[in-house]
Amino acid sequence: MPFQTIIEPFKIKAVEPIRLTTQAERAAILKRAYYNLFLIRAEEVIIDLLTDSGTAAMSSEQWAGVMRGDESYAGSRSYYFFEETVRDIFGFKHVIPVHQGRAAERILFALLCKPGSVIPNNTHFDTTRANIEYRGGRAVDLPCAELRDTTTPHPFKGNMDVDALKSLIREVGAENIPLVMLTITNNSGGGQPVSMANIRAVSEVCRAHNIPFYIDACRFAENAYFIKLREPGYADKTPLEIAREMFSYADGCTMSAKKDGLANIGGFLCTNDDKLAQQEKELLILTEGFPTYGGLAGRDLEAIAIGLREVLDEHYLQYRIASTRYLGEHIAREGVPIVQPPGGHAIYIDAGAMLPHIPPLQFPGQALAVELYRLGGVRSCEIGSVMFAGRDPETGEEVPAPRELVRLAIPRRVYTQSHVDYVVEVTLEAYRRREQLNGYRITWQTPFLRHFSCHFEPLGRV
Ligand SMILES: *Cc1c(COP(=O)(O)O)cnc(C)c1O
């Protein structure tokens, strides 16, 4: 390409105004929300990078699909269109629609996970871990060694440590591992991709021990594009061909269509196991709905099916990965420590490295996230000890998460270049003020997924 500028490969057909707040207003809003950004109204946010989940802009084709949706209770045409699309891309025999990714996880783990079960993953997403622990299982993260060093780039930091997987199987016994999961891209691990070689290697270990292998497929298209860009032998393949190969090594998948489905709600659970699929459909009817709609409207199934095709478009993926990298490069070159290299859907600031004067259990990530909001109305998400602190089984004391990150997640097709430039400016201002930031204390929390609702109090300087 002769030009450097990465343009958004779409035109804007409908706009939504952004209300611009002042710093004084935001300081009051923060106080009212107990410094928890999940408790702030979206209208009070200028640029919302809380999550890339369910926040995509749909295309004119998807909106047309919404009108075409068949809302029949049983045997909806939209379901068959959805099933055919998912089968064509993912290749699994059974396709079970659900209202979002965690519903797929709940159904899968209700059937496969019991007290004492051990479930390995490259890195469990928070709802995946919570669903496993809720069934009495143990969720074990086995990221590759390269992930621990956030400063050096490596093409496939999302990989699973295959030797660690083999040791775990020897240690706990294959009979106690009902399935192995691989999350692509590795969201909690920094949005880093997993290589085809690693998918193949994990699959081989699973086959050798007769353990079912599942992919958490939320960002499968972004992962496929990274394989195309970075893995030898894939440069000339289309994202669709790469996606098909990735899933050919697995026995099933869970999917949140709120990510690479380019839809605002929805998900699915796939398996090649006939007996398991039957049991899954029975559970589906209990809480989600009949198997041809699974908690979704026919119009949602249409939007997802169309989104799954659009997300594999190479021009879309090129823009997507390039615009995320743009944000990362522009803050990193001024000194902001970020997880390197930039991931697919988000930039992760290493708040632990940026705010070394705030101890992990005073939540440096939370301190930075609050500051980005206070300064510029930018909403981000702490991915550190607020979200992932553990408990010492003996003393019951809180153990910090391995990393203190702040995620700037980029909604798909929503913000333009100037919005991203504004985020760069706000982030650099927070970086200049870093030594003035203080930690936080949690004053109220729930036993599971506390980050969604807990209350904080700012700590003064000692
Ligand atoms: C979002 C997400 C989920 C859960 O999906 P929901 O649609 O939010 O329920 C599971 N795994 C990963 C990697 C995710 O990013």
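Biologist: In which loop is the place of Leu262?

Modeller: This is a predicted model, in which local features need pLDDT of at least 70, side-chain atom pairs count only at pLDDT 80 or more, and totals for chains, interfaces and linings use all residues. Residues are numbered from 1 along each chain as its sequence is written, and side-chain values use heavy atoms, with hydrogens and water left out. Leu262 has a positive phi of about 50 degrees although it is not a glycine. Helices (H or I, at least four residues) and strands (E, at least two) are DSSP runs numbered from the N terminus, and in these terms Leu262 sits in the loop between strand S7 (252–256) and strand S8 (267–271).

Biologist: Where is Thr185 found, and what is the omega of the peptide bond from Ile184 to Thr185?

Modeller: Thr185 belongs to the loop between strand S5 (180–183) and helix H7 (196–208). The peptide bond that reaches Thr185 from Ile184 is cis, and its omega is near -15 degrees.

Biologist: Which residues come nearest to the ligand, and how far is the side chain of Asp216 from a nitrogen atom of the ligand?

Modeller: A residue counts as near the ligand if one of its heavy atoms lies within 4 Å of it, and of the 14 residues around the ligand, Arg102, Asp216, Arg219, Ser256 and Lys259 come nearest. An oxygen atom of the ligand is 2.8 Å from an N or O atom in the side chain of Arg219, while a polar side-chain atom of Lys259 lies 2.7 Å from an oxygen atom of the ligand. For Asp216, the distance from an N or O atom of its side chain to a nitrogen atom of the ligand is 2.6 Å.

Biologist: How many salt bridges does the rule find across the interface of domain 1 and domain 2?

Modeller: A salt bridge is a side-chain nitrogen of Lys or Arg within 4 Å of a carboxyl oxygen of Asp or Glu. Across the interface of domain 1 and domain 2, the number of salt bridges is 6.

Note on methods
Polar contact = N/O pair within 3.5 Å; in protein donor to acceptor, adjacent residues only side chain to side chain.
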